[in-house]
Amino acid sequence: METAIRMLDIAHSFGEKEVLRGISLSVEREEILGLLGPSGAGKTTLIKILTGQLAPSSGSVFLGENNMAEVKTEAYRQIGMMMDHFGFYERLSCMDNLRLCADLYGVRTERIREILRSVGLDADRKCPVHKLSKGMKGRLALARAVLHSPAYLFLDEPTSGLDPAAARQIHELIGHLREEGTTIFLTTHNMVEAEKLCKHVALLH
């Protein structure tokens, strides 16, 4: 199988506090890899390094052929992220929040309706975000992350705090995205979730 994501001996420290050491792994294209570990283990820090938001203290990260230490702006169009903070404009509607992202990525307007239908939010497209439940916000966050059809999707505890029904919907969407060819890197502290979704699991101590 073709390797989509490679991490080679990643280490990172914040001042004198060492957060990551000796992290090496690879992810096959079109697979879901689950990274498990307790809160504070460094999962979010690792995702920030993988997506170029944070430079590692040492080591290398590659997404496909792109070395993330040298990556150009165009490469970021291949990346989608769903982090633990939603970061929506609360007074704007679902549609308008996604329209802002569509403008940034040069995505056609019709794609917004398509993705809202896929996450079950088309009927609520005119609803202000502050009126949405947490589960609906989670689905909207996933819609935003995949709006531009990224090759790589990074999900940081995407079902944290959601009720079982909302989590199940997120799981179904993640599985569908993988079937469409997306490589997915998922952090969680839920072993059941990882077993259900992931081909391989890595444990971060």
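Arginine 99 and aspartate 96 sit three residues apart in helix α2, so about one helical turn separates them. Helices (H or I, at least four residues) and strands (E, at least two) are DSSP runs, numbered from the N terminus. This is a predicted model: local features need pLDDT of at least 70, side-chain atom pairs count only at pLDDT 80 or more, and totals for chains, interfaces and linings use all residues. Residues are numbered from 1 along each chain as its sequence is written, and side-chain values use heavy atoms, leaving out hydrogens and water.

**Salt bridges**

- A salt bridge is a side-chain nitrogen of Lys or Arg within 4 Å of a carboxyl oxygen of Asp or Glu.
- By this rule there are ten salt bridges.
- Arginine 99 forms one with aspartate 96, with the closest N and O atoms 2.5 Å apart.
- Arginine 29 meets glutamate 2 in another, at 3.3 Å, N to O.
- That pair links distant parts of the chain, 27 residues apart: arginine 29 is in the loop between β2 (17-28) and β3, and glutamate 2 is in the segment before β1 (3-14).

**Lysine 199**

- Lysine 199 lies in the loop between α6 (191-197) and β9.
- Its relative accessible area is 52%, so lysine 199 counts as exposed (buried means under 20%, exposed over 50%, partly exposed in between, with a 1.4 Å probe and protein chains only).
- Lysine 199 forms a salt bridge with glutamate 28, the closest N and O atoms being 2.9 Å apart.
- This pair also joins distant parts of the chain, as glutamate 28 is in strand β2, 171 residues apart from lysine 199.
- Glutamate 28 is partly exposed, at 22% relative accessible area.
- Beyond neighbours within four places in sequence, lysine 199 is in contact (heavy atoms within 4.5 Å) with Glu28, Glu31 and Ile32.

**The sheet**

- Five strands form an open sheet in the order β6-β7-β8-β3-β9, with parallel pairing (two strands pair if DSSP finds at least two bridges between them).
- The edge strands, β6 (79-82) and β9 (200-203), each pair on one side only.
- Four bridges join β6 to β7 (residues 152-156).

- Helix α1 (residues 43-50) lies across β3 (32-36), β7 and β8 (183-188).

Terms used:
Axes are lines fitted to C-alpha atoms, for helices over the stretch in contact, and angles run from 0 to 180 degrees between N-to-C directions.
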